[in-house]
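Biologist: I'd like a close look at a single part of this structure, please. Take me to one helix pair and then walk me through what surrounds it.

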Amino acid sequence: MTTGEHGIMWWNSTTPRATRTRVFVAVLERVRTLWDRLPIPRSGLRGAPPMQKSRTAWGKPARAFLLMFVLVDLLGTGLLMTPAASAGPEELTLVEATFTSTTSLAVCGLSVISIGGDLSVFGQLVVLALIQVGGIGIMTLASLLGAALIHRFSLRMQLNVQAENRAQAVGDVRSIVSRVVIVCLTIEAVTFVIITPRMWLGHDLSPGEALYSGLFHSVSAFNNAGLSLYDESLTRFSGDGIILFTVAVAVILGGIGFPVLLELRHHWRTPGAWGLHTKITIVTSALLFGVTALLIIMMEWNNPRTLGELHWWAKISDGFFHGVMPRSGGFNVTDTGAMYDSTLLLTIMMMFVGNGSAGTAGGIKVATLAVIFLVVWSEARAHTRVHVFGRRLAPDVIRQSLSLTFLSMTVVAITTVFFLHTTPFTFMQTLFEVVSAVGVVGLSTGITPALAPWAQLTLAFLMIAGRIGPITFVTALAFRERKRRYDLPEARPMIG
């Protein structure tokens, strides 16, 4: 073995066998060390080493997720800045391309350009591809991270978790990914089949326009993107119950979360067989959808700028649609900025909550809201434990819910104060825009294009934080969990 000009060891015929063996073993040890450092669950591998210390194990999946998101976002930005992506002679600026790529990949829906007017067909297809990747990709990653968390437990704990959630084996990564993709494409296809003929026959679109519009809005609806080919979103379909109801159902199914969809596919006739997460998500979502839609219909019934001038059936269909969209849907059929402040405040509250976990929706998620409500309810009844549906909530779930909610509220509060001081818009407009970005909803009072470039980039950053922040934050908390070997004396500060 000789040394090359760059200091690299090369084999030759005179190299002793013992030296070759030592070098080969050293290489194997190095490969094994690198393999052990990878954030891959190994509980099912023979002779696998125990999980690395929680201090380093959690960070690598989170960093990999963020890096993947940023790389795809940069790719989308580059494609949108090409001449082929613009409909006119002027190309998109860096800020416009970055914002459009981010809002598409984060499936938010806020926009500073006209998707149908400023982008060519190629640019629109880039947006559509980013929406699909942002929806299916995030769902897949959330499911895989959930599987990774379960693999950290002992075999007994894995069996308990699977029995609680009526889940199948979590080790088959290919099966998880394939199910996510199949469910997504199936729901998008059904949505497309329903709304496309209606667009063609009921709204004077040519067959080609109806096919393209149906495809774009089906993908955008299921992935909760809220981006539309029309500057006025879906206002041209106001009062059309078929289109509005179908799009609303696609938004609900996409946002409710893949774990719930998978369980409903197997046990939709037997609610008693549902796991705790599915029960909490379904019940809380149904209550929020129903209450929000009813309140919006009642509050906007006589508003001449929104529902007031419509037929009673259109008032109900449009009001129901607006009751669903704040849960991360992002479409609108009337002017959101013309709504009463009371309606806007209700919409802000629903945008902050979002929809289900491990889905295409944003927000703090309905399960988080349910846990916080149950904690308050138990405390009001002087109970030391939180019980729901015959189960007791684990303390770490309560801590994670409170931490995530407080963190999201802090981000919204700080950004709102900053925008109020630096932009000319009102408190309601500013708060609405910030919560829409953090909750990756996409509804707007119309001020997004009028914001300064630095403010638009700030909203883009909030979209990224709102999209990947909750997943990485909760995963970090789960992986960093450690038990104290000692406890300190108890103290009780005054509360309230």
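Modeller: Let's start with α12 and α15, which are roughly perpendicular to each other (65 to 115 degrees; under 35 is roughly parallel, over 145 roughly antiparallel and the rest oblique). This is a predicted model, in which local features need pLDDT of at least 70 and side-chain atom pairs pLDDT 80 or more, while totals for chains, interfaces and linings use all residues. Residues are numbered from 1 along each chain as its sequence is written, and side-chain values use heavy atoms, leaving out hydrogens and water.

The axes of α12 (residues 276-300) and α15 (residues 366-380) come within 9 Å and cross at roughly 90 degrees. Axes are lines fitted to C-alpha atoms, for helices over the stretch in contact, with angles from 0 to 180 degrees between N-to-C directions; helices are DSSP runs (H or I, at least four residues), numbered from the N terminus. From α12, H277, I280, T281, T284, S285 and L288 make the contact, meeting V366, A367, L369 and A370 of α15 (contact: heavy atoms within 4.5 Å). Six of these residues are nonpolar, four are polar and none is charged; nonpolar covers Ala, Val, Leu, Ile, Met, Phe, Trp, Tyr, Cys and Pro, charged covers Asp, Glu, Lys and Arg, and the others, Gly among them, are polar.

Both helices also have α14 as a neighbour: its buried residues pack against α12, α15, α16 (395-422) and α17. Buried means under 20% relative accessible area, exposed over 50% and partly exposed in between (1.4 Å probe, protein chains only). In α14 the buried residues are T343, L344, L346, T347, I348, M350, M351, F352 and V353. This helix (residues 341-353) has 13 residues and reaches 19 Å from first to last C-alpha, close to the 18 Å expected (1.5 Å times one less than the number of residues). Just after α14, G354 takes a positive phi of about 80 degrees.

Next comes α17 (residues 427-438), whose twelve residues reach 16 Å, close to the 16 Å expected. It is mostly covered, with ten of its twelve residues buried, including F432 and E433. Just after α17, V440 has a positive phi of about 40 degrees.

One last stop is G255, which lies in α10 (residues 241-256) and is buried, with a relative accessible area of 0%. Beyond its neighbours within four places in sequence, G255 contacts N224, N355, G356, T360 and A361.

Conventions:
Helices (H or I, at least four residues) and strands (E, at least two) are DSSP runs, numbered from the N terminus.
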